[in-house]
Amino acid sequence: MKHPLLLAGLLAFSSGCNTEKTTEMTVPSVTYSFLVGTYTDEANQGINQLDFTPSENKLEVQTIFPGIQNPSFVLATAAGDKVFSLEEIDHVQGGNIVSLSRSSQNDSLTKLSQVPSFGDHPCYLALSPDEAFLTVANYSGGSLSAYQIGGNGELAHIQTIQHEGSSVNKSRQNAPHVHSTVFSPDGKFLLAADLGTDQIYVYGFDATAKEPLSLNNTFKAQPGDGPRHLVFSSDGSEIFAVEELTAVLEIFDFKEGKLTPKQRISLIADDYEGEVGAAEVRISPDGKNIYASNRGDANSLSVFSKKDDGSYSLIQQTSCGGIMPRNFNLTADGKYLLSANQASNDIVVFERDVETGKLTQTSWKVKVNKPVYLFRLNS
């Protein structure tokens, strides 16, 4: 069953010009689509799809797969025909990982398989570059699991690795908490950010091995940092990581599986007072800008720009337009950024200056129950 929600903002544009001969100009109708992961409170909630058509002043969300518990992370194959989600819950075998087929004709999802995560509260999924393997980070379980994807999209569990240890923040780091698993662009490595142990684990990945993951090395963050999410540059030579507990963007060189730190930039001003909670980091499609979200009392989006010498500088801090920006994403052309604000139950659209990377909040906003992840679908 589909449950449409609609709250559109205002759009103004002008076209054409008055000359001796009137020329009609056509504004292309482009629809940007995203899968939306959520936390659920009722059975009719679940995985959503957002469709945004600026030229038609449309911002719509519909529930395309209800009845799934806390699908807080969702992604799709490049072709968009297979979708993978999780249920961020806990029980004897942890949470659940679900594979689904997707019809682009009516945006419907059909479950293909469901397997346990083998760790409590799974929170992050990653597809290998060849889309043959899936990994999951189990936050409360402090572990990560790997699955092989069959020809029909069915999942087969092949490996679980349990982390051990703790760090200095006793309320948040009393045990391992794996918060993300990210493949390098060449598929040779899988990086796991562990908030609880203050480490980024670098695993070698061998698709031909019975157990494809083997520990290569670890990078120790500063005590109390709490590594959360990270993203590779398109060529795999740089890594951008957000440290949740200290609200820092850390930038690394990455070569032959080794992280070399080269810059730390705070997401907050020197005189800031209040709680923090860095959440997501993304690179603009043109590679010019890095974006990061900060929760706590900040509720902000930070924009960073690459300088001529290869270093990065903070060029803007702006309100996320809501409360608790758990996640955000950019459109493929880089013209817009959408912020998923968990606590204010909304997704807010920002226009991005493609020259500077700076953001301007628009009047487009749509209500969604606890949106916590946005996955961009290919058009």
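Colleague: How many Å apart are the mean positions of the positive and negative charges of the protein?

Modeller: This is a predicted model, in which local features need pLDDT of at least 70 and side-chain atom pairs count only at pLDDT 80 or more, while totals for chains, interfaces and linings use all residues. Residues are numbered from 1 along each chain as its sequence is written, and side-chain values use heavy atoms, with hydrogens and water left out. Lys and Arg count as positive and Asp and Glu as negative, with His and the chain ends not counted, and each charge is placed at NZ of Lys, CZ of Arg, CG of Asp or CD of Glu. For the 29 positive and 44 negative charges of the protein, the mean positions are apart by 1 Å.

Colleague: What percentage of the residues of the protein count as buried?

Modeller: Buried means under 20% relative accessible area, exposed over 50%, and partly exposed in between, with a 1.4 Å probe and protein chains only. Of the 379 residues, the part that counts as buried is 55%.

Colleague: With which side chain does the side chain of T53 make a polar contact?

Modeller: T53 lies in strand β3, residues 46–53, and counts as buried because its relative accessible area is 6%. Leaving out residues up to four places away in sequence, T53 touches S29, V30, T31 and K58, where contact means heavy atoms within 4.5 Å. A polar contact is a pair of N or O atoms within 3.5 Å; within protein, one must be able to donate a hydrogen and the other to accept it, and residues adjacent in sequence count only if both atoms are side-chain atoms. The partner of the T53 side chain, at 2.6 Å, is the side chain of T31.

Colleague: Which backbone nitrogen does the side chain of S113 reach?

Modeller: S113 belongs to strand β8, residues 108–116, and is buried because its relative accessible area is 12%. Beyond four places in sequence, S113 touches I97, V98, S99, G153, E154 and L155. Its side chain makes a polar contact with the side chain of S99 at 2.6 Å, and at 3.1 Å it reaches the backbone nitrogen of L155.

Colleague: Is E256 buried or exposed?

Modeller: E256 is found in the loop between β19 (248–255) and β20 (258–266), and its phi is near 50°, a positive value in a residue other than glycine. Because its relative accessible area is 66%, E256 counts as exposed.

Colleague: What is the relative accessible area of E131?

Modeller: E131 lies in the loop between β9 (122–127) and β10 (133–138), and its phi, near 60°, is a positive value in a residue other than glycine. E131 is partly exposed because its relative accessible area is 31%.

Conventions
Helices (H or I, at least four residues) and strands (E, at least two) are DSSP runs, numbered from the N terminus.
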